[in-house]
Amino acid sequence: MKKLIHLSLAILVVVAALFGMRAWFTHLENRSVGNSDQPQGKRTLTIYNWGDYIDPSILKSFQKETGYRVDYETFDSNEAMYTKIKQGGTHYDIAVPSEYMVEKMRQDNMLEPLDHSKLTGLKNYNPAFMNEPFDPKNKYSVPYFWGTLGIVYNDKFIKPGEIKSWNDLWRPEYKQQIMLVDSARDIMGMTLASNGKSVNTKNLPDLAAARGKLTTLMPNVKAIVADEIKTYMAQDEAALAVDYSGDAAEMMSRNSHLHYVVPNDGGNLWFDNLVMPKTVKNKAAAYAFMNYMSRPDIAAKNAEYVGYATPNQAAWQRLPKATRDNPSWYPPKVVLSKLETYQNLGPTWTQRYNDDFLEFKMTNQ
Amino acid sequence: MTKKRTINFSVPYYLWLVLFVIAPVILLIFESFTNLHGQFTLANYKSYFGSGTYLRMTFNSVFFAFIVTLITLAISYPMAFIMSRLKHAQFWLMLVILPTWVNLLLKAYAFIGLFAQKGTINDFLTFVGIGPQQIMFTNGAFMAVAAYLEIPFMIMPIFNSLVEMDQSLVNAARDLGATKWQTVWRVIVPLSMNGVRAGVQAVFIPTLSLFMITRLIGGNRVITLGTAIEEHFMVTQNWGMGSTIGVVLIVAMAITMYVTRDRKGGGKA
């Protein structure tokens with residue numbers, strides 16, 4: 001009994017010491033960004049972003065310049081983010097949902113409307129990427145990055161120019177060579193596009209046809225994975241991958257044999273957007289962050305780090321010419337005009353897409 | 001101690017049970033009877049037992065969990081047996097436990113390094129002239145990794161039961177003329193059945209719902225119930241269906257516990 005008490009006491013002491021150290025580190029960190037640590041809530045900006053989706057040096061310079069301390073948390077899917085914010089108990093000032101999720105959060109009254117008079121950088125954005133149907137007049141969101149869904153190929157196994165459209169993936173010679181990104185909406189969407197249908201279809205026969213067609217892709221599929229797809233492709237594990245443009249950029253920087261194609265038969269154009277969830281605690285800091293990110297020099301720097309395409313026209317002009325004119329990242333108007341953004345389908349149809357995808361995953365071999 | 005005192009001491013324990021064991025299970029069962037719009041429905045169960053997809057997935061999960069348990073047991077029993085007879089048994093046990101201190105994801109990534117097209121194993125195969133083989137994303141790779149992860153949880157209970165065994169019974173068997181094999185088979189194995197049971201429970205049940213490994217190593221070519229639950233809670237947001245699968249898993253666990261329970265009279269431990 002005595003031993004037990006001693007042990008418990010020892011654990012308590014350790015916990016207290018660790019707690020003290022944590023407070024000390026927070027204090028140090030606050031001081032290093034020139035921040036008085038007393039009114040915590042007013043000096044902290046909590047950001048909820050995708051993993052590896054900002055240049056860390058920008059966060060540092062933002063803290064230095066504005067004196068806010070950034071609390072940075074990450075998620076790996078729109079749905080995970082939605083669930084966490086919806087469950088409550090969080091106090092995110094900034095979140096980064098994709099376009100269909102902006103629409104959903106807006107409908108569910110989870111977003112704070114933006115006061116445009118406080119946004120100083122709006123004029124920098126390309127009007128072509130503003131006022132999109134998912135958020136008319138950008139009442140709730142400012143675009144952060146945009147990109148496409150496409151095909152990555154490795155020129156050790158595939159000849160350049162061999163892949164032009166989604167339908168090329170179904171060729172029998174690519175047996176066991178394709179990696180797919182584990183996302184119902186994207187894989188169902190690309191199959192729909194290969195059939196010339198809308199990626200937002202609510203037509204049962206179209207969807208059933210797509211599911212049937214997708215099942216016939218299984219012999220060519222090597223694996224269905226998430227973020228690991230980048231590592232695998234960089235290591236020549238597979239010849240082809242269906243993935244987002246930014247992931248592709250990262251793989252290509254690690255393996256010069258990889259190339260990215262935006263298929264010419266349609267597909268998805270997506271936006272990730274900065275929004276202020278209703279959980280916002282520090283509006284001033286959130287506006288400061290949005291303005292900071294819209295500065296051409298910062299947006300350009302961030303775009304070069306992340307690899308996705310920036311909707312910021314002024315920043316785009318600052319990018320190296322090779323990036324600016326690269327059709328993989330900034331596709332020509334003809335290709336762009338065929339791409340669609342995802343709409344929020346509502347629970348019933350989302351369920352249907354997901355069930356079809358789950359069923360596809362179950363078709364082994 | 002009076003009776004009243006005992007009751008007072010047990011209050012926190014019961015409170016804990018009600019709050020963190022019983023209440024969540026009730027919520028889970030309740031949730032499994034609601035649809036996307038929050039109304040009461042039996043549809044989740046109907047679609048679970050009515051669709052080939054879910055039944056096949058259940059069958060798959062049980063099948064894989066069963067094989068993984070079998071592999072684990074086949075490796076662990078002899079290992080625990082040998083270890084229990086070694087001089088520095090505690091040291092060897094320590095070596096077995098050590099990998100459990102390493103994060104699961106790190107171990108999975110280490111296996112990617114071994115199994116990949118340009119991984120260590122394929123380098124070796126190329127070197128001996130066989131040429132690179134597809135190892136990642138196969139059922140074999142998934143089962144190997146799952147078994148590797150679970151082995152410590154199987155060895156520990158078996159090892160303990162072997163060490164705690166009354167050594168004089170083994171001596172008696174030898175004295176009474178049993179051969180070495182007879183002693184092992186008729187005395188030691190039955191006496192260590194408690195450890196085996198505990199090990200099987202500790203391996204089979206978590207393997208049923210493994211989900212990170214199915215994606216990382218199995219490339220989603222192996223789908224378990226765990227994958228489906230993750231999908232329904234995180235992606236589809238169909239908590240009703242996710243809960244239904246959760247309830248099925250709980251039932252499966254209950255069945256496992258029942259089948260592997262300590263039968264009185266049987267092996268008379």
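**Entry 1: A:Tyr100**

I started at A:Tyr100, which is found in helix 5 of chain A. I note that this is a predicted model. UniProt, in an unreviewed entry, has the annotation "binding site" covering A:Tyr100. I then looked up the accessibility. A:Tyr100 comes out at 14%, and it counts as buried because the cut-off is under 20%.

Next I listed the contacts, leaving out residues up to four places away in sequence. A:Tyr100 touches A:Asn78, A:Glu79, A:Arg185, A:Tyr342, A:Gln343 and A:Asn344. One of these, A:Arg185, has its charged end over another ring, that of A:Tyr353, 5.5 Å from the centre.

**Entry 2: aromatic pairs**

I counted ring pairs over all chains and got 35. How do the rings of A:Tyr100 and A:Tyr342 sit to each other? Their centres are 6.3 Å apart and their planes stand at 85 degrees, so I logged the pair as edge-to-face. This pair links distant parts of the chain, 242 residues apart. A:Tyr100 is in helix 5 (residues 99-107), while A:Tyr342 is in the loop between strand 10 (339-340) and helix 15 (346-362) of chain A. Both A:Tyr100 and A:Tyr342 are buried.

I took a second pair from chain B. The rings of B:Tyr48 and B:Phe49 have centres 5.0 Å apart and planes at 70 degrees, so this pair is edge-to-face too. B:Tyr48 is buried, at 0% relative accessible area.

I also found a cluster in chain A. Ring pairs join A:Tyr53, A:Tyr144, A:Phe145, A:Tyr244, A:Trp270 and A:Tyr308. The charged end of A:Lys213 sits over the ring of A:Trp170, 4.7 Å from its centre.

**Entry 3: salt bridges within chain A**

I counted 23 salt bridges over all chains. I opened A:Glu112 and A:Lys283, where the closest N and O atoms are 3.0 Å apart. A:Glu112 lies in the loop between helix 5 and strand 4 (141-154), and A:Lys283 lies in helix 10 (residues 283-294), so the bridge ties together parts 171 residues apart in sequence. Are the two ends buried or exposed? A:Glu112 is buried at 16%. A:Lys283 is partly exposed at 37%.

Then I went to A:Arg171 and A:Asp168. Their side chains meet in a salt bridge, 3.4 Å from N to O. A:Arg171 is partly exposed, with a relative accessible area of 25%. A:Asp168 counts as buried at 13%.

**Entry 4: where chain B meets chain A**

I looked up the interface next. In chain B, 30 residues are in contact with 35 residues of chain A. The two chains bury about 3000 Å² between them, with 51% of that on carbon and sulfur atoms. I counted 3 salt bridges between chain B and chain A.

I followed B:Arg215 to A:Glu228. They form a salt bridge, with the closest N and O atoms 3.1 Å apart. B:Arg215 is buried at 16%. A:Glu228 is buried as well, at 5%.

Bridges that share partners join A:Lys159, A:Glu162, A:Asp168, A:Arg171 and A:Glu173.

**Entry 5: helix 11 and the record for chain B**

I stayed on helix 11 of chain B. B:Thr214 lies there, in residues 212-216. Its relative accessibility is 0%, so B:Thr214 counts as buried. Which residues does B:Thr214 touch, not counting those up to four places away in sequence? I found B:Phe142, B:Gly219, B:Asn220, B:Val222, B:Thr224 and B:Thr227.

I then read the UniProt record for chain B. The unreviewed entry places "transmembrane region" at residues 12-34, 54-79, 91-116, 136-159, 198-218 and 238-259. I checked two of these spans in the model. Residues 54-79 are 100% helix and 0% strand, and the end C-alpha atoms are 37 Å apart. Residues 198-218 are 76% helix and 0% strand, with the end C-alpha atoms 27 Å apart.

How values were computed: Residues are numbered from 1 along each chain as its sequence is written. Chains are lettered from A and ligands numbered from 1 in the order in which they are written. This is a predicted model: local features need pLDDT of at least 70, side-chain atom pairs count only at pLDDT 80 or more; totals for chains, interfaces and linings use all residues. Side-chain values use heavy atoms; hydrogens and water are left out. Helices (H or I, at least four residues) and strands (E, at least two) are DSSP runs, numbered from the N terminus. Buried means under 20% relative accessible area, exposed over 50%, partly exposed in between (1.4 Å probe, protein chains only). Contact means heavy atoms within 4.5 Å. UniProt positions are given in the numbering used here, feature names are shortened, and annotations may be inferred rather than shown by experiment. Rings of Phe, Tyr and Trp (its six-membered ring) pair if their centres lie within 6.5 Å; planes under 30 degrees apart count as stacked, over 60 as edge-to-face and the rest as tilted. A charge sits over a ring if NZ of Lys or CZ of Arg is within 6 Å of the ring centre and within 35 degrees of the ring normal. Buried area is the accessible area (1.4 Å probe) that two parts lose on being put together, summed over both. A salt bridge is a side-chain nitrogen of Lys or Arg within 4 Å of a carboxyl oxygen of Asp or Glu.
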